[in-house]
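This report covers a predicted model.

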Amino acid sequence: MNRIGNVLKLHQRDKSAWLVIPGMILGSSFLVNLIVGFLSGVEIYTGGLMSIFIYMLVLGIIVLPQTFSFAISFSIRRTDYFVGTALNAVIIGFFTAIGLLLLSAIEKATNYWGTGLHFFHLPYLTDGNLVQQFSVYFLALVMLFFWGFAIGSVFRKFRGIGMLVLTLASLLSTTLLTVLIISYDWLDNIINWFADLTAFDLSLWLLPFILCYAIVSFVLIRRSTV
Amino acid sequence: MTGNAVEVKQLTKSYGKVTAVNEVSFTLEPDKIYGLLGRNGAGKTTIMHMITAQLFATSGELKVFGEEPYENSRVLSQICFIKESQKYPDNYSVQDVLELSSSLFPNWDRAFANELLKDFQLPLKRKMKKLSRGMHSSVGIIVGLASRAPLTIFDEPYLGLDAVARALFYDRLIEDYSENPRTIVLSTHLIDEVSRLLEHVIVIDGGKVLINEDAEELRGTAYSVAGTATAVESFIADKKVISREPFGALLTAGVTGRLSEAERKKADALGLQIAAISLQQLIVQLTSKKTDVKGGTRS
């Protein structure tokens with residue numbers, strides 16, 4: 001059946017949200033850095049690459065208010081909507097990760113754009129082999145999308161009250177965790193644990209998060225109304 | 001086709017203490033045009049949302065083409081629900097909506113959609129959110145008609161549409177319906193405009209079914225009597241009165257029931273004027289709260 005294909009089509013007709021806007025955000029961030037690098041002549045390590053990851057989170061949040069009620073009104077099943085939307089994000093994440101690898105290779109090959117700008121080829125992130133580098137980008141993009149998607153589905157199902165409870169719960173648990181970490185002196189252990197991990201190891205730790213977010217959004221979307 | 005298009009039994013939807021739809025039961029037969037009428041907030045849209053599995057019923061039974069509609073692609077693919085307040089993704093153009101509809105609705109007729117596009121003079125490339133209110137409604141109408149879904153529901157489909165465009169909608173609807181019969185539900189406030197299209201009327205009031213009647217039958221079930229107050233009072237004394245409009249010494253009363261020949265003569269003798277009540281007037285009188293009058297016994 002092409003029911004999931006229809007949901008992919010629904011999203012892919014919206015080229016602005018999935019391709020043009022993220023491209024522009026990343027492109028303009030890169031351009032600004034390139035100009036600064038060119039004018040200043042010093043070597044720059046920048047976090048401008050973060051913008052595309054943040055955008056995935058935002059996209060995850062806005063995709064439900066943008067398309068859910070439209071999809072449901074146009075006779076799409078909730079399950080198909082979820083699977084199609086998730087699949088679309090995975091596909092976009094896949095190609096974005098490939099694109100970032102390519103740009104990273106170009107950056108290295110052009111001797112950092114001739115200006116010493118480290119925008120795509122960053123230390124630590126590009127430590128592993130190609131598959132590992134791909135995994136870092138891909139899983140981070142997908143995790144951020146699903147994180148946003150889960151937030152969006154809480155809002156879809158429980159509206160403002162849900163968001164309020166979620167925010168308070170997040171604040172409370174973060175505070176509690178911080179208190180525990182400090183009072184039991186876990187901080188050094190945690191830093192050491194992280195320090196031993198490569199970017200690839202860390203990216204694998206995103207898998208359970210992706211799974212949790214996906215389950216939460218699926219369950220809530222199945223129960224959401226227009 | 002065998003079986004009913006829609007079967008609703010004791011359907012109830014409540015939000016906390018508010019009951020929007022209260023034990024509603026009715027059936028929609030295949031290949032008929034239904035009018036789902038009633039005042040704002042009567043529960044029409046809620047009922048339609050439940051039929052299309054967009055809202056969940058609190059209790060009751062609901063079958064669409066013999067099956068539960070929730071997450072049922074066999075049922076959902078046969079439904080097209082066009083509503084006044086339909087939201088579209090911000091970046092969608094008219095073309096995007098139509099292209100997607102052509103893959104979503106199995107019976108989509110591209111040629112018919114293009115014809116309608118010309119009729120309604122819609123700019124294909126324009127973004128949905130930049131359309132005028134009337135154009136926005138036209139897109140819904142095109143989707144609703146060209147989808148040829150076995151169950152097509154229009155909920156106030158023509159907000160902002162001018163009279164010419166509305167007439168166009170009615171014409172296209174009836175033309176296409178005669179060639180491709182299907183179950184159509186029209187929910188609207190413009191009852192007089194659609195009354196010639198309707199084959200069956202369901203009136204919802206306060207979350208309940210008030211009338212569920214063949215449209216022809218319904219048109220013959222009420223009339224108005226006008227004349228001097230005393231003459232009218234004596235004429236309506238034994239009848240079911242749905243409205244009274246006194247005007248000086250004169251009185252116009254709406255009466256339900258069929259007028260017999262003897263009664264017609266009696267009215268003539270009393271110098272009373274008998275007139276037909278339009279569907280709209282009938283429904284307005286039945287659903288406005290103040291006219292809860294029975295048998296002409298109000299003093």
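## Chain A overall

Of the 226 residues in chain A, 44% are buried. Chain A holds eight helices and two strands. Along the sequence they follow the pattern α-α-β-α-α-β-α-α-α-α.

The C-alpha atoms of chain A fill a box of roughly 55 × 50 × 30 Å along the principal axes.

## A four-stranded sheet in chain B

Chain B contains an open sheet of four strands. The order is β11-β12-β10-β13, and the pairing is antiparallel. Strands β11 (240–247) and β13 (273–276) of chain B form the edges, each pairing on one side only. Direction ignored, neighbouring strands of this sheet are turned by 20 degrees against each other on average.

How many bridges join β10(B) and β13(B)? Strand β10 (residues 222–228) of chain B pairs with β13(B) over four bridges, in the antiparallel sense. B:Ala226 has B:Gln273, in β13(B), as its bridge partner.

## Helices on the sheet

Helix α9 (residues 229–236) of chain B packs on this sheet. The strands that α9(B) touches are β10, β11, β12 (250–256) and β13 of chain B. The direction of α9(B) makes about 145 degrees with that of β10(B).

Helix α11 (residues 279–287) of chain B also has a place here. It lies across β10, β11, β12 and β13 of chain B. Against β11(B), helix α11(B) runs at about 95 degrees.

## Cavities

Rolling a probe the size of a water molecule over the atoms shows where empty space is left. Searched as a whole, the structure has five cavities of 30 Å³ or more. The largest cavity holds about 60 Å³ of space.

Which residues line the largest cavity? From chain B, the lining has B:Ile82, B:Lys83, B:Glu84, B:Gln86, B:Tyr88, B:Arg133, B:His136, B:Ser137, B:Gly140, B:Glu156, B:Pro157 and B:Leu159. By class, this lining has four nonpolar, four polar and four charged residues. Two elements of chain B, β5 (79–83) and α5 (133–146), each supply at least two residues of the lining. Helix α5(B) gives the largest share, four residues.

Definitions and conventions: Residues are numbered from 1 along each chain as its sequence is written. Chains are lettered from A and ligands numbered from 1 in the order in which they are written. This is a predicted model: local features need pLDDT of at least 70, side-chain atom pairs count only at pLDDT 80 or more; totals for chains, interfaces and linings use all residues. Side-chain values use heavy atoms; hydrogens and water are left out. On a 1 Å grid over the protein atoms alone, a cavity is a set of points where a 1.4 Å probe fits but cannot get out, and a pocket is an open set with protein on both sides within 12 Å along at least five of seven lines; lining residues have an atom within 4 Å of a point. Grid points are joined across faces, edges and corners, and a volume is the space filled by probe spheres set on the points. Ala, Val, Leu, Ile, Met, Phe, Trp, Tyr, Cys and Pro count as nonpolar, Asp, Glu, Lys and Arg as charged, and the others, Gly among them, as polar. Two strands pair if DSSP finds at least two bridges between them. Axes are lines fitted to C-alpha atoms, for helices over the stretch in contact, and angles run from 0 to 180 degrees between N-to-C directions. Contact means heavy atoms within 4.5 Å. Buried means under 20% relative accessible area, exposed over 50%, partly exposed in between (1.4 Å probe, protein chains only).
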